[in-house]
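Subject: Structure handover and notes

Dear colleague,

I am handing over the structure below, with my notes after it. Please read the notes with the structure open.

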Amino acid sequence: RYIKFEVSKVRRNGSNLRVSEFTILSREELDAANASYTDYSRELDINNSIATVDYKKDGIGQHREYFISYPNNFMGIRLASDGSGDLNKYIYMQTFDYRKNYTREASIDENGVGIITMRFQLGDGTGGKKAEKIAAQIRVYADGGALSVDPENPVYIRAENAEEIRVYITAGTNYVQCTDDTLDFLSDEDPLDAVETRLDIVEQQSYDNLKAAHTADYKELFD
């Protein structure tokens, strides 16, 4: 149960092609293996550019909704249930970069928002060469429940007994367009600054307004 978020790097090294990618996973509570799952359906609404997943867990309807917004440059996910306060999830972010050349941190801020931050650096920035930097951040919001950093896996955000969970994700790099002969494609900026600013703006708006802005932008091109 995962969403492929972004292919961050494709590099050919001799005959080998390596792909690194961010992956966002939402895992049920540890005892979920004993639950009964039925009536699974997955849908892509091409008219509005919204993806949904619906199923029943122990007879109770579970709903997921996803969209990627061009106007606000982020991915939005909403998890909901027909039950009352029965959403129990782990939210975390991982990469399949075998070099382990990244860091992850999870925390709960003063407003009760769960935050997971991942940083990459490609190259060490020595020898007069700039390093390519990559940053990604997830912010998790829970209605009617509690968020915490999982004590056993301190890079996980745990949501318990929530009515609804919203997850906002974005990423960035210090790569810049270069049109001259300097071939200076990397800036000195920390991409996390832009990532956090973007999510600061996003979280000031309601989920429904963010989705409406995404749909309006999409339909202007699609209809």
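The model is predicted, so local features need pLDDT of at least 70 and side-chain atom pairs count only at pLDDT 80 or more, while totals for chains, interfaces and linings use all residues. Residues are numbered from 1 along each chain as its sequence is written, and side-chain values use heavy atoms, with hydrogens and water left out.

Cores

A nonpolar core here is a set of buried Ala, Val, Leu, Ile, Met, Phe, Trp, Tyr and Cys residues joined through side-chain atoms within 4.5 Å. Buried means under 20% relative accessible area, exposed over 50%, and partly exposed in between (1.4 Å probe, protein chains only). The largest nonpolar core has 27 residues, of which I77, I138, V140, I165 and V167 touch the most other members. At least two residues of this core come from each of β4, β6, β7, β8 (102-108), β9 (114-122), β10 (132-143), β12 and β13. Strands (E, at least two residues) and helices (H or I, at least four) are DSSP runs numbered from the N terminus. A second, separate core has eleven residues, including Y168, V202, Y207 and L210.

Aromatic pairs

Rings of Phe, Tyr and Trp (its six-membered ring) pair if their centres lie within 6.5 Å; planes under 30 degrees apart count as stacked, over 60 as edge-to-face and the rest as tilted. The count by this rule is ten aromatic pairs. One of them joins F74 and Y168, with ring centres 5.3 Å apart and planes at 85 degrees, so it is edge-to-face. F74 is in strand β6 (residues 74-81) and Y168 in strand β13 (residues 164-173), so this pair ties together parts 94 residues apart in sequence. F74 is buried at 2% relative accessibility, and Y168 is buried at 3%.

Y92 and Y156 form a stacked pair, 4.1 Å centre to centre with 15 degrees between the planes. Y92 belongs to strand β7 (residues 87-95) and Y156 to the loop between β11 (146-149) and β12 (157-162), so the parts tied together are 64 residues apart in sequence. Y92 is buried at 9% relative accessibility, and Y156 is buried at 12%. Ring pairs also link F67, F74, Y141, Y168 and Y207 into a cluster.

T170 lies in strand β13 and is buried, at 3% relative accessibility. Polar contacts are pairs of N or O atoms within 3.5 Å; within protein, one must be able to donate a hydrogen and the other to accept it, and residues adjacent in sequence count only if both atoms are side-chain atoms. The T170 side chain reaches the backbone oxygen of N73 at 2.8 Å. The side chains of T170 and R198 are joined by a polar contact of 2.6 Å.

A194 is in helix α1 (residues 191-202) and counts as partly exposed, at 40% relative accessibility. Its C-alpha atom is separated by 9.8 Å from that of N174, 20 residues apart along the chain.

Regards
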